[in-house]
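Work through the exercises below with the sequence and the model side by side, and try each task before reading its solution.

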Amino acid sequence: MDADVTDSAGTPSGPDTPTTEGADEDLSAGAGAGAGAGAEGDANGHPRWLRWTALGASFVLLLAAGVGWWLYRKLDGNITTDTNAAAELEAYEKERPTPIALDAQNILLIGSDTRSGKGNSKYGPDQGTQRSDTTILLHLAGDRKSATAVSLPRDLMVDIPSCRKADGTRTKKQSTQFNSAFELGGTACTIRTVERLTGVRVNHHMVIDFAGFKGMVDAVNGVEICLKEPIDDEDALLRLDKGRQKLNGEQALGFVRARKTIGDGSDTERMERQQRFLGALVNKVQSNGVLLNPTRLYPVLDAATKSLTTDPGLDSLKDLYNLVRGMRDIPTEQVQFMTVPRQPYAQDPNRDELVEPDASRLFKQLREDAPVSVVPAGSEKPDKNDKSPADEKPDDSGSASPNPTPTFTGSNAATDECE
């Protein structure tokens, strides 16, 4: 009995006592069998943990796909499609310019001063009207190696065609200031006016309000600008110190809208300030990898699409992404900003008129997707190649370029105002 107890306790009792090696092997085998029983999940002997891992990974992928689809649908649904403008433009298709450079894109960017919509009433009462606070014709070169943004002054005197009003009635043809076109007949009227003025076919358009502009600036965590003088503008709700400043959305909106208390108070200077800010915004977006980082790009797209109205050709996230993708590799020094050549209107110095032949040369370059050179004010040089037939001599060597690149006053996105 004692021997049985001793043996069961596993205490060595001498040579006759069975060794434990066999027992250890049995235990090891038993453990292996137990592990195998826990790991085997099918007749093929595949480990059960592997099957659970695969199921877990599949669940995560499905969840990610579901979240991605939800985000896509959310952003896609944010965009408002301007079907009325599309219908009006289609009705006047025969009078619209014929595209020349098919790979190039001309997009009309309109900043609306409407007080309707969430967050816009703080800038004034909603009187049921709107004007184009800012209008920019953005030309994307066919090779996507450059972009030229041309500001059209609000007070530029133009011929506005007969346009369909919101109530269905039609306006008469008239010669008046440019931003009246948006108030009279909305986007379609503005596009038709721009096309008649420039001869450039507008491929797409985007209309954004105050809230959308502020949201985009906040989404990139602010934009840095440089001020030569401090700003204190009560109407624009803006107070800024001199020097380098980082503006949030609210400050940025005040900066691009302020007019009376900054500089000479002219709309011309305000447009130049808008161009400098947009250049800084482009530089910020490209420099911090927003366009290549989905986690940074999403807030920008969300802010933009919430207050964005476009034509049917740009009313989906896919369309906008393809547009942005084509722009993301353009060097900042090739993203140029300028104002259409203009001067005080002869009959009213408070209005503007085009300077010819400079304006016509610019429009021709845009139509034909030809190069445009933009330089800071005061650094323009006479074009030695711009000769009239009477200036040409029979013995001219002909070394000059037959199609010189015209030069205009402006800036680019690489410009740092503080340097």
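**Exercise 1.** Decide whether N221 is buried or exposed, and find where in the chain N221 lies.

*Solution.* Begin with the cut-offs, by which buried means under 20% relative accessible area, exposed over 50%, and partly exposed in between, with a 1.4 Å probe and protein chains only. N221 has 54% relative accessibility and therefore counts as exposed. N221 sits in the loop between α6 (210–219) and β8 (223–227), where helices (H or I, at least four residues) and strands (E, at least two) are DSSP runs numbered from the N terminus. Its phi is near 65 degrees, a positive value in a residue other than glycine.

The model is predicted, so local features need pLDDT of at least 70 and side-chain atom pairs count only at pLDDT 80 or more, while totals for chains, interfaces and linings use all residues. Residues are numbered from 1 along each chain as its sequence is written, and side-chain values use heavy atoms, leaving out hydrogens and water.

**Exercise 2.** Determine which cysteines form a disulfide, and which parts of the chain the pair links.

*Solution.* Apply the rule that a disulfide is a pair of cysteine sulfur atoms within 2.5 Å, which gives a count of one disulfide. The partners are C163 and C189, with sulfur atoms 2.1 Å apart. The pair links distant parts of the chain, 26 residues apart, with C163 in the loop between β5 (157–160) and β6 (174–177) and C189 in helix α5 (residues 180–198). Finally, the torsion about the S-S bond of C163 and C189 is about 75 degrees, so the disulfide is right-handed, and both C163 and C189 are buried.
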